[in-house]
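I open my notebook for today.

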Amino acid sequence: MSEARRWFETRTFDASRPLGDLVDAKAGRRVTVILPARDEAATIGAIVQRVRTALCDLVPLVDEVLVVDSRSGDATAQVARDAGARVITVAAPDPAFDGGKGAAMRTGIARMQGDVGVFLDADVTGFDPAFVARLVGPLLRDPSLVLVKAFYDRPTHDGGGGRVTELAARPEIARRAPELGGFVQPLAGECAFVRDAFVDLPVVSGYGVDVGMLLHAVRKHGLDATAQADLGRREHQHQGLTALGRMALQVRAAFDLVLEGRDVVVDERWVPTRRADGTPDLVPERVETRLLPPPGADG
C-alpha cells in the first residue's frame, strides 16, 4: 500500500461523522475564524453573520471572527465590520509588492487571538456554519494534528479538484511530493490549523499559499500531522482563464520555493487578448511569487 493511500484511509473524515461536543474538545483553547478577502462585499456579510449566530452565540465554538481586508476597492471592510467581524488590513512586508492571498493569510496568522485557526474563503454562496465544525473537529480531538484541509463537491465539477488542481498541482505532486497524492483538493483555501505550528514558518505569496502551507506542514511535522475533512457541497465564484493561468504559475512556484529553498520565482508570459477594434494582440505579464517572512517575524 502506498503512503498516499494509507494516509487517505486513516486521515480522511467524511461529512457523515457526528460532530459531537466540540465545545468540550476545545479544552480551553480559543478558535479564530479567518476570512482573507478582496472585493467580497457581496458575500462576506452573510458568512460572518452565520458564523457568529451559529458558532459564537448559539454554540460557543468560535471565539473570534477575523476578516483580513486585502486592499479591497469595494465596501468589504465595512460590510464585514457591520456583520460583527474584527477587521484588519494586510500588513505587507514589502509595500511595493502585492503579496495577494498569501500576504492576507500571513497577516491573519500574525494577528489572530486564537490558538486554533480556521481559514474560510470569502466568496462562498450558501455558506453552512457546519463547514467550520467539520474542519476544526478532527484537530480539536486529535493532538497529533496540526493541519486539516477541506475537500467538497462543486456543482460544476466532476469530483476532485478544479482546473488548476488537476493541471498544475497534481502533476507537481506526482513528480515531486507523491506522499500528498491522497489529498482530494490540495489547493482548497479552507483549512483548520494550530497557530503555533505555523507562526514561525514562511508563507508563499499569492495563490501558492495553500499548497505552500501544506508542503511546509508535511516537511516540518510529517504527513500524519495532516488530515482532510469532507465539507459536502459548496459553491463559490469562478475565475476566468487568464486569472487561472496566473494562479497555476504561482502554484508551481510554491513547489520550487518550499522544496528547493528558493526565495523568489519570476515567471514571464504572454497573455492573448484583443484590441478595441477586435484584432488579436499579446500582452506581457510578469508573475512574481515570493517566500514571505514567517508571521511571527512581526512580533
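Which residue in E10 is the bridge partner of Lys149? I looked it up in this model, which is predicted. The partner is Gln228.

**Entry: strand E10**

I then followed the strands on each side of that pairing. Strand E7 covers residues 147-153 and pairs with E10 in the parallel sense. I count six bridges for E7 and E10. Strand E1, residues 12-13, also pairs with E10 in the parallel sense, over two bridges. Here Thr12 stands opposite Gln228.

**Entry: an open sheet**

I moved to another sheet. Three strands make an open sheet with antiparallel pairing, in the order E9-E13-E12. Its edge strands are E9 (203-204) and E12 (264-274), and each pairs on one side only. E12 and E13 (residues 280-292) share 11 bridges. In this pair, Asp267 stands opposite Val287 of E13.

**Entry: the cavity**

How many cavities of 30 Å³ or more are there in the whole structure? My search gave one. The largest cavity has a volume of about 100 Å³. Its lining includes Met105, Phe198, Val204 and His216. Helix H5 (100-111), E9 and helix H9 (209-221) each give two or more residues to it. H9 gives the largest share, four residues. By class, I noted nine nonpolar residues, two polar and no charged ones.

Methods
Residues numbered from 1 in each chain as written. Predicted model: local features only at pLDDT ≥ 70, side-chain atom pairs only at ≥ 80, totals over all residues. Heavy atoms only, no water. Pairing = 2+ DSSP bridges. 1 Å grid on protein atoms, 1.4 Å probe; cavity = no way out; pocket = protein on both sides within 12 Å on 5 of 7 lines; lining within 4 Å. Points joined across faces, edges and corners; volume = space filled by probe spheres on them. Nonpolar A, V, L, I, M, F, W, Y, C, P; charged D, E, K, R; others polar.
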